Amino acid sequence: MNRIIRLFSSAVPRQRPWTWGDLVALLSVTVLVYAGTRLAFYAPAVIRGPEISLSPDVLPLYAGLSFTRMLIAYGMSLIFSLWYGNVALGNQRAEQILIPLLDVLQSVPILSFLPVVLLGLSAFLSQNTAAELASIVLIFTSQTWNLTFAWYQSQKTMPRELREVAAIFQFNAWLRFKVLDLPFATIGLVWNSIMSWAGGWFFLMAAEIFTVGKKDFRLPGLGAYLNEAANRGDGNALSLGLITLIAMIIFLDQVLWRPLLAWSDRFKLETLGSVPAPNSWFYDAWRKSRVVADWVRAGAGLALAPLARIIGLLASRPAETVDAEPARGWKTTVFFIVGGAILGWGSYLAIAMLARVSLQEWSQIGLGLGATALRVLAAIIVALLWTVPVGVAIGMNPRLSAWLQPVAQVAASIPATALFPVLLLGLLTAPGGLNLTAVLLMLMGTQWYLLFNVIAGASAIPHELEHTAKVLRLNKWQRWRVLTLPALFPYIITGLITAGGGAWNASIVAEYTVFGGKVHSVLGIGSAIAEATASGHYPVLLAATLSMIIAVVLINRFAWRPLYRLAEVRFRMD
Amino acid sequence: MTTTRLLELQNVTQSYGLRDRQFVAVRDVSLAIDEGEFVALLGPSGCGKSTLLRIIAGLTTPPEGRVLYRGKPLRGVNPYATIVFQTFALFPWLTVQQNVEIALTARGVPDKIATPRALDLLDKVGLDGFESAYPRELSGGMRQKVGFARAMAVNPELLCLDEPFSALDVLSAEALRGELMELWTAGDIPTKAILMVTHSIEEAVFLADRIVIMEKDPGRVVADLKVGLRHPRRRKSTAFLEMVDRVYATMAGQTQPEQVEMGTAPGGGRLRLLPDININDLAGLLEELNDFPGNWADIFRLADELKLDSDHLLRLIEAAELLGFATIAAGDITLTPLGETFADASVRGRKEIFGVRIRRLPVFRWLIAELKKVDGNRLTWSRMKEEFEREFLPEEVEHQIGIAVDWGRYAEILAYDDDKEIIYLDTAGLPQR
């Protein structure tokens with residue numbers, strides 16, 4: 001159970017006032033998107049995608065390709081996260097900008113970047129390389145923020161005494177990293193890696209199937225295979241592809257993540273007793289077969305030692321006395337001045353490009369935002385309506401949860417974007433068509449976060465309170481109002497924050513799609529972005545992308561954060 | 001015999017925070033430690049004794065004053081000193097042996113030498129057979145033994161102990177104290193001097209040759225007492241008890257000028273910290289004293305009888321004195337007639353007396369005046385914070401407001417809405433307008 005709570009709650013930083021760091025963060029995002037859009041003008045107007053084979057023989061190859069993209073992106077995320085966190089930890093002035101930037105970036109709908117990144121890279125790279133790189137950049141961007149936050153947070157919350165031990169016994173940077181910093185962060189990094197991978201699959205599938213108008217950005221991989229199968233109406237290939245994907249995800253869970261979790265338990269600071277240690281059959285078997293373990297360990301040691309050394313060099317911070325004053329070198333000042341100049345110039349150019357967007361186009365973007373917001377809302381409401389009663393039923397009934405949990409976990413592990421082609425195949429011709437499909441896709445992306453959070457919340461209701469409710473003879477409605485709903489509130493909010501982000505992301509692929517050789521689209525910000533990409537109307541692309549990013553960041557700030565704070569203060573059980 | 005001066009602090013002042021919100025942790029402390037000495041730093045929580053220990057170990061560099069080690073100014077971490085921590089500060093992911101070895105590895109000692117040396121030290125502290133255990137498998141006492149072994153591994157000249165026994169149960173603490181004294185008096189270890197921070201008076205008298213007593217607000221040294229008792233010391237001996245009494249008398253008898261004693265309102269000079277106490281505990285203490293013949297008691301005996309640790313008891317006594325319920329003289333506490341009345345009063349009566357007394361405190365006088373000034377007699381928590389932040393360390397501010405609100409609520413002078421974070425004047429407790 002504990003695993004699920006950790007897995008499906010995002011690391012939301014505590015209430016933070018607006019600072020000028022937020023402004024810098026938003027401007028940086030603006031300048032980055034602008035740069036991509038600027039490059040897009042040089043992108044070819046027609047991009048021919050690769051031939052996607054539906055033969056079962058290519059499945060291992062496609063699975064391998066998809067997995068490799070994930071692995072490369074993850075490796076980059078990990079190194080970047082350690083580096084970024086260390087810069088923030090080592091320099092107070094940088095920290096004031098980097099942490100708000102991190103906060104903004106992790107609430108930005110990553111998929112909204114996809115068209116800009118794809119077009120920008122296509123401008124100077126061959127189309128296949130551009131698409132490959134774009135998918136990796138996309139996955140990287142989706143994975144890195146929570147890892148960074150986990151690393152930063154762990155280093156910030158490290159007990160003062162342990163840091164003092166490192167100082168008083170004169171650990172050098174490498175020893176400190178190896179013995180203190182990394183072990184202390186391990187649990188957080190492992191949990192967040194699992195989250196990052198789950199999210200990564202979602203974005204990988206989206207990247208692999210991305211096609212707009214005459215620009216086919218697809219990549220050979222499992223996502224494209226599923227997409228092609230649905231396009232051609234090949235049910236067999238569709239099931240085979242899904243089975244391969246699910247098998248790969250379950251395999252990774254069993255032989256990689258679970259063992260890692262079980263292993264990382266040793267890095268707990270103090271055992272609290274009540275929380276059972278995560279277990280893993282694979283890890284147990286591994287430890288029992290000493291011969292294999294020793295042999296593999298020796299091999300891994302040889303291979304990984306130099307790698308670890310490199311990561312250590314990048315990631316370890318210089319040894320410090322504990323109360324060291326922040327360094328205020330001239331280098332930082334120069335960096336800030338140059339950075340400020342680039343931001344200022346970039347923002348100016350971005351605004352100049354935005355000025356080319358007509359009033360009518362702006363109003364279209366505004367309408368699209370509204371339409372997508374309504375869809376997101378609908379998806380969330382439907383998700384709430386079914387997950388709350390079902391989650392409570394499962395959470396309060398250990399027997400039911402014992403066999404429903406694994407089922408739900410497998411269902412949740414399938415990235416919603418992989419199922420999108422299946423949905424299209426079944427529903428595009430139904431009344432409501434793409435509108436219905438879009439809401440359904442959002443629903444699939446969101447409901448699991450909610451369900452698992454509700455289950456976690458329901459099973460955390462203290463038995464004493466349940467008994468009290470019984471003794472007081474509260475009727476069913478009173479019990480929901482006085483006990484169940486308040487107890488669930490923090491969990492539901494946590495679930496909704498993650499779910500909301502997922503739904504916005506889904507709009508990019510869900511509102512505009514090329515299916516069976518025909519373009520289908522509905523009014524929405526996602527389709528606005530996709531259509532601007534297809535028609536090569538790049539100022540509108542910039543305007544739509546920025547509008548979506550800013551809208552989501554604002555919704556996070558003004559709707560979710562206050563609710564989250566309320567949940568933390570008012571409805572916490574302790 | 002001439003003694004060698006190991007360490008010297010000259011007029012050390014340590015403060016935190018920026019210019020206008022400065023908080024002084026220790027002010028103008030001068031202190032010397034000679035070879036062969038076991039010095040105890042004794043004082044209530046918040047008197048800066050741990051800060052002083054960290055300055056001596058070189059973890060913190062004070063902005064004012066000089067730190068000399070063997071006559072030379074100390075720069076950075078003191079390579080001749082080491083610390084044993086209250087919380088043990090062991091690496092939970094390393095075995096007992098690795099925890100000790102790492103201290104040697106860090107100094108570039110090769111494994112070939114580090115391993116036997118670690119094993120030898122673990123043997124010396126009696127952890128033979130637990131080398132491959134992880135800290136979480138050990139009891140508190142055994143973990144602290146690992147802490148000692150790790151500290152000894154680097155052959156420190158100056159051993160700094162930061163309340164090393166206070167996280168242990170009574171029996172383990174007692175056993176470990178005995179073992180430390182054995183090592184120290186037998187001269188088995190290269191350690192030249194020991195500096196121990198503690199808030200237990202008995203522990204200081206039991207172990208130390210010299211007791212340096214500190215006071216808070218601001219943290220400063222108020223007395224430096226020699227303990228002329230021979231080892232091993234017996235806790236029940238008259239000489240021992242006399243020494244304990246003397247220390248109690250020194251600690252509880254620190255009186256300050258009236259203004260310092262009562263504190264001032266924000267903006268009017270240095271605020272006095274309200275002692276963090278449970279009002280029920282205070283009532284309990286006064287009732288207990290009321291049952292004593294003559295309404296007085298020896299503070300040390302009282303601690304023993306009530307099974308309270310001295311820190312907790314001293315905070316209660318501080319509150320009783322601040323509110324005029326008791327007077328302190330020469331290690332004794334005597335109930336005032338007001339304190340007697342309070343002890344005898346009903347629940348309502350107690351609230352009234354308490355209310356009358358805290359209204360005399362400048363902090364409350366200021367608070368009530370501020371509340372009356374505004375429409376609706378309310379202040380937000382954040383507004384209070386701004387005022388308090390001028391006087392206290394940021395982390396102390398919330399705590400102090402919390403205590404003020406708690407006292408005010410008990411006396412029915414204040415009401416507090418936690419949802420909106422607003423402090424109200426409790427109009428029910430005031431004459432009608």
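Predicted model: local features only at pLDDT ≥ 70, side-chain atom pairs only at ≥ 80, totals over all residues.

Q: Which domains make up chain B, and how far apart are the centres of domain 1 and domain 3?
A: The assignment divides chain B into domain 1 (5-252), domain 2 (260-265 + 275-344) and domain 3 (358-429). The C-alpha centres of domain 1 and domain 3 of chain B are 40 Å apart. Among contacts in chain B between residues at least 6 apart in sequence, 67% join residues at least 24 apart.

Q: How do you know that the length of helix H13 of chain B agrees with its number of residues?
A: Helix H13 of chain B runs over residues 347-360, which is 14 residues.

Q: Why are the buried residues of H13(B) said to line one face of the helix?
A: The buried residues are Arg350(B), Phe354(B) and Ile358(B). Viewed down the axis of H13(B), the buried residues fall within an arc of 55°, so they line one face. Arg348(B), Gly349(B) and Arg360(B), on the other side of H13(B), are exposed.

Q: What covers the buried residues of H13(B)?
A: The cover includes four helices of chain B: H9 (279-291), H12 (337-344), H14 (362-373) and H16 (394-410).

Q: Why is Phe88(B) called buried?
A: The criterion for a buried residue is 20 or more other C-beta atoms within 10 Å. Phe88(B) has 24 such neighbours, and therefore counts as buried. Phe88(B) is located in the loop between strand E6 (81-84) and helix H2 (96-106) of chain B. Its phi is near 70°, a positive value in a residue other than glycine.

Q: Why is Arg70(B) called partly exposed?
A: A residue is exposed at 12 or fewer neighbours and buried at 20 or more, with partly exposed in between. Arg70(B) has 13 C-beta neighbours inside 10 Å, and therefore counts as partly exposed. The loop that holds Arg70(B) lies between strand E4 (64-69) and strand E5 (72-73) of chain B. Arg70(B) is not glycine, and its phi is positive, near 50°.

Q: What is the make-up of chain A, and into which domains is it divided?
A: Chain A has 21 helices and four strands. Of its 574 residues, 43% count as buried. Among contacts in chain A between residues at least 6 apart in sequence, 81% join residues at least 24 apart. Chain A is divided into domain 1 (52-320) and domain 2 (356-574), with 24 Å between the centres of these two domains.

Q: How many residues bring the two domains of chain A into contact, and of what classes are those on the domain 1 side?
A: In chain A, 32 residues of domain 1 are in contact with 33 residues of domain 2. Elements giving two or more residues to the domain 1 side include helix H4 (92-107), helix H8 (173-208) and helix H10 (235-264) of chain A. The residues on this side divide into 23 nonpolar, eight polar and one charged.

Q: What does each chain give to the contact between chain A and chain B?
A: Chain A gives 22 residues and chain B gives 21 residues. On the side of chain A, the elements that give two or more residues are helix H7 (160-168) and H8 of chain A. H7(A) provides the largest share, six residues. By class, this side of chain A has 13 nonpolar, three polar and six charged residues.

Technical notes: Residues numbered from 1 in each chain as written. Chains lettered and ligands numbered in written order. Expected span 1.5 Å × (residues − 1). Arc of directions from axis to C-beta. Contact = placed C-beta atoms within 7 Å. Domains from an automatic or database assignment. Nonpolar A, V, L, I, M, F, W, Y, C, P; charged D, E, K, R; others polar.
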